[in-house]
Amino acid sequence: MTDTRQRLFISYAGPDRAWAEWAGWQLERAGHQVEVDRWDWQTGDDFIQRMDRALKNADAVVALFSNSYFAPERWTQIEWTSAVAAKYRLVPVSVAPLTVDDIPTILSARLRKDLHGLDETGAVAALLEAVDGPSRPTGPVAFPGGPGAPEAASGPEAVSGPEPAGQRPRLPSSAGQPDVWNVRRRNPTFSGREAQLVQLRDGLLNGQQSRVHALHGMGGVGKSQIALEYAHRFASQYDIVWWIDAEQADQFPVHYTELADRLGIAKPDAGTEHNARALLHDLRSRQRWLLIFDNAEHPDQIDPWLPDGPGHVLITSRNPNWGDIAHQTALDVFTRPDSLTYLRARIPSIADEQADVLAKDLGDLPLALAQAAGVIGNGMTLDRYRRLLTSSTARILREGEAPGYPASLAAATDIATTRLDDNHPDATALLRLGAFLGPEPIPTAWLEAARPRLTTIPGDPDDLMWPHASLQHLGRYGLARIDHETFQIHRLTQAVLRDQTSPDQAALIRADATAILAAVAPGDPETPETWPAWASLTSHLTAQHIGITDRPELRPILLKAVLFLIRSGQSRAAHGLADSLRQAWSAELGHDHPDVLSCAQYFGHAMIDLGDSGNARPVIEETLARRRATLGDDHPDTLQSANDLAVTLNTFGEHAEARRMDEDTLARRRRTLGDDHLHTLQSASNLAAVLHSLGEYVESRRMDEDTLARNRRTLGSDHPHTLHSAHSLAITLNELGEHTESRRMDEDTLARRRRTVGNDHPDTLRSAHSLAITLHSLHEYAESRRIHQDTLTRRRRTLGDDHPDTLRSAHSLAITLHSLGEHAEARHTEVDTLARRRRTLGNDHRDTLHTAHSLAITLHELGEHNEARRLDEDTLARRRRTLGDDHHDTLDSELSLAITLHVLRAYPEAVHLLEDVRARRRRLLGDNHPDTVRVTRSLANTLTAMGKRFEAQKLLAPKKQNKRRFGRKRR
């Protein structure tokens with residue numbers, strides 16, 4: 001007989017897991033090697049890699065078709081489409097009734113076997129026939145994932161003997177619901193949680209003897225819902241499924257006696273204790289039972305009633321301390337995609353953006369989502385619901401039908417808090433204090449440091465075990481998630497608690513929360529090593545539950561928090577926080593108060609970072625004027641405002657005035673702060689940038705090198721200011737033609753920035769952009785294009801389509817596309833970029849003129865010479881007016897226009913321009929500079945075209961050894 005063993009990959013939807021177990025067992029029993037989708041894979045495996053490997057290694061994909069399989073939101077849409085597109089052998093079998101309309105067109109023509117509605121013999125035959133004649137079974141095989149599952153069962157090596165009854169999966173359609181069953185009806189709105197159900201099923205199958213698994217998490221997170229779905233999904237695999245409300249442990253004998261009675265082993269006159277023990281004894285010898293202990297409180301209460309034997313026990317609890325008697329799964333809130341799927345199912349009319357905002361407001365808590373869907377689905381608008389959620393949290397969280405949940409979120413919080421307060425008032429006090437901080441994790445070290453100043457916490461302030469003892473109780477009651485260094489209260493639980501707190505008590509708690517936050521000292525906000533600590537603190541400072549703007553003791557740390565947001569690239573958050581503080585503080589303190597002016601400074605800085613230079617400039621100018629008037633010209637704050645204004649002027653192309661201000665500020669800082677002070681080096685770096693903008697590359701390089709050396713010595717090689725200097729020097733080196741050294745510096749700076757501030761930080765993206773430009777200079781166009789495209793994508797996502805940095809990436813990408821000969825695509829990108837720059841920056845901005853110049857060159861290459869000439873003439877006129885006749889940008893435009901005039905045979909005009917450009921570059925750069933050589937060759941070509949060969953040869957005679965072809969320069 002021909003060996004027909006195959007490598008099979010079973011693809012299924014989550015609700016059909018029982019079918020996958022059955023099919024996998026039958027196919028392995030027949031000698032095939034089976035891998036089950038997401039079933040055989042370990043936690044931590046890369047899903048995409050495992051899927052790709054499974055499909056590549058499979059001889060066939062056995063797809064279990066059902067309505068769930070073709071649900072539009074499932075990732076298996078991608079899986080089966082890929083399998084068909086890649087021409088994998090697809091073996092479709094139906095495990096539920098389907099119509100033609102249920103199946104995607106790409107699969108509708110595939111012949112499939114129906115397994116549903118058949119008895120086990122018929123279903124086995126249909127399955128084996130579908131995979132094309134496998135070998136016959138020769139012995140027992142444990143189903144994949146179960147105890148004793150083989151690596152790959154094969155005929156001769158298979159173990160002989162009868163199959164153990166508890167290991168053999170049943171045909172789901174034939175088994176149905178167990179005879180012994182007391183589980184309530186299935187929740188029709190259940191969705192998501194597939195990963196948790198897979199983990200739960202694996203944990204129960206892979207256990208030894210009595211398999212005990214505990215789901216724990218806060219109230220409303222959906223523990224009972226997962227247990228209910230598991231019971232229904234796998235009902236066919238059990239003979240007994242018994243649900244026990246385990247909150248009252250003393251009622252276990254009663255519940256067990258009820259089950260014993262259903263099994264016919266109870267003795268009416270023996271009493272509940274005797275019957276309960278009889279049941280435990282009976283379960284040792286039974287196969288296929290599942291006991292669900294719902295809402296259990298403490299392991300010590302459950303342990304005496306845990307059965308032995310080969311069945312399964314599933315526990316749901318708020319208490320996380322089950323490690324001694326059970327495998328554990330900590331259940332968190334929904335993922336955002338699961339929240340959106342649930343809301344779309346309950347409220348079909350909701351838009352994706354609305355669903356996302358609502359899910360964020362509700363903290364992705366399943367119970368809260370269910371209640372919200374119940375209220376909004378019955379006539380309340382989404383906007384009104386969100387307003388009520390803010391203004392009347394406890395009230396609105398008592399409303400709304402939540403199928404499958406015993407109480408509303410507000411009621412559940414009330415019950416848990418009341419019980420906690422009755423037994424552990426110190427823990428309740430900590431809970432209420434946490435409710436006035438943010439919804440992010442709260443470091444316990446903050447509490448320990450501030451304990452002597454907290455007035456709302458009862459007990460001994462010197463208690464060495466506080467707050468750890470109180471936190472244990474919060475975790476046990478499911479009111480907080482406890483980690484070894486932090487604890488976290490869900491935002492809605494916080495809101496309910498705040499609503500329940502009297503005004504007088506709230507005032508005391510806010511004072512304590514202020515004391516905690518004011519005592520935190522994360523370190524220098526400009527150093528990336530401190531950013532995680534600053535991120536944690538800032539999330540609580542911006543929570544708005546303690547009235548931060550009304551508390552003077554928080555002003556210093558709030559200003560540092562804004563600076564952290566700016567330095568870490570969170571410009572939008574910095575803008576919002578600085579503006580709110582500026583408005584609140586100026587009303588109380590006046591516009592000239594130093595803290596108000598610091599807010600204004602950061603507000604202007606954030607606007608610049610967001611690309612809003614037009615609105616930033618008057619804010620920066622006003623701040624400088626007020627600081628000069630109140631603090632004097634040499635005060636460090638005044639000089640910082642002067643520094644910021646100079647940077648802004650350079651951004652606007654006002655390079656001469658920016659240079660004057662930078663030189664003045666640098667001189668004052670050197671005199672008052674010293675040559676190596678952080679602020680002095682900042683001014684030196686900014687002056688180098690202005691010199692670069694003015695085309696004075698040699699002096700810019702000298703200043704950059706000196707600043708870089710001082711920064712490295714005083715701050716270290718990885719400090720953001722040091723890397724800023726290195727970045728600037730690399731750019732200048734590229735302009736000076738030292739491309740190899742520029743590349744080395746760009747690569748080093750980019751690597752350091754990626755490591756210290758992350759891949760998407762604006763500074764990192766600036767280094768990536770600079771490296772791509774240097775690679776272009778080295779004619780490595782393909783790699784330059786790759787980096788430009790990646791940087792452009794990241795900038796669009798993080799900064800927006802119209803941000804100046806985004807448009808710089810688009811502009812540079814277009815130049816690289818041009819160099820690769822993709823002129824049409826380059827033109828498309830340049831036209832779009834030019835329109836955006838004209839709209840956001842104005843017609844005369846230097847960046848706008850860069851793109852106009854670049855587009856003119858592309859038009860020239862496309863043969864549109866007249867349009868190129870028009871654009872060149874306009875750009876040249878604007879550059880002469882704004883930058884001057886000797887600026888390198890002006891000379892680039894003059895050269896570009898001359899080349900186009902040459903093609904249009906306007907030789908005299910071209911020669912006039914070329915002679916002017918050559919004379920200026922010789923004076924500014926010298927005869928041997930590449931830019932001078934480039935224009936000289938262009939002039940020689942035009943003279944030759946006019947018939948003036950002798951003059952042309954005379955120009956080129958000293959340069960005969962230089963064979964390089966020169967053209968127009970693009971920036």
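Predicted model: local features only at pLDDT ≥ 70, side-chain atom pairs only at ≥ 80, totals over all residues.
Local features were considered only at pLDDT of at least 70 and side-chain atom pairs only at pLDDT 80 or more, while totals for chains, interfaces and linings use all residues. Residues are numbered from 1 along each chain as its sequence is written, and side-chain values use heavy atoms, with hydrogens and water left out.

Five cavities of 30 Å³ or more were found in the structure. A cavity is a set of points, on a 1 Å grid over the protein atoms alone, where a 1.4 Å probe fits but cannot get out, and its lining residues have an atom within 4 Å of a point. Grid points are joined across faces, edges and corners, and a volume is the space filled by probe spheres set on the points. The largest cavity holds about 130 Å³ of space. Its lining consists of 14 residues, and Phe190, Gln225, Phe334, Pro366 and Tyr405 lie nearest the centre. At least two lining residues come from each of helix H8 (223-233) and helix H14 (366-376); helices (H or I, at least four residues) and strands (E, at least two) are DSSP runs, numbered from the N terminus. Eight of the lining residues are nonpolar, five polar and one charged, where Ala, Val, Leu, Ile, Met, Phe, Trp, Tyr, Cys and Pro count as nonpolar, Asp, Glu, Lys and Arg as charged, and the others, Gly among them, as polar.

The second largest cavity has about 60 Å³ of space. Residues lining this cavity include Met218, Arg318, Leu409 and Thr493. Helix H17 (residues 409-423) supplies the largest share of this lining, four residues.

Ten aromatic pairs were counted, a pair being two rings of Phe, Tyr or Trp (its six-membered ring) with centres within 6.5 Å, stacked if the planes are under 30 degrees apart, edge-to-face if over 60 and tilted otherwise. The pair of Phe252 and Tyr256 is edge-to-face, because the ring centres are 5.8 Å apart and the planes lie at 80 degrees. Both residues belong to helix H9 (residues 252-263), where they are four residues apart, about one turn of the helix. Phe252 also forms a stacked pair with Trp305, at 6.3 Å centre to centre and 10 degrees between the planes. Trp305 lies in the loop between helix H11 (299-302) and strand E10 (312-317), so its pair with Phe252 in helix H9 ties together parts that are 53 residues apart in sequence. Ring pairs join Phe252, Tyr256, Phe293 and Trp305 into a cluster.

The structure contains 73 salt bridges, each a side-chain nitrogen of Lys or Arg within 4 Å of a carboxyl oxygen of Asp or Glu. One of them joins Glu297 and Arg419, at 1.9 Å from N to O. This pair links distant parts of the chain, with Glu297 in the loop between strand E9 (289-296) and H11 and Arg419 in helix H17, 122 residues apart. Arg555 and Glu588 form another salt bridge, with the closest N and O atoms 3.5 Å apart. Arg555 lies in helix H24 (residues 555-567) and Glu588 in helix H25 (residues 571-589), 33 residues apart. Arg555 is buried at 10% relative accessibility, whereas Glu588 is partly exposed at 49%.

Note on methods. 1 Å grid on protein atoms, 1.4 Å probe; cavity = no way out; pocket = protein on both sides within 12 Å on 5 of 7 lines; lining within 4 Å. Buried < 20%, exposed > 50% of the residue type's maximum accessible area, 1.4 Å probe, protein only.
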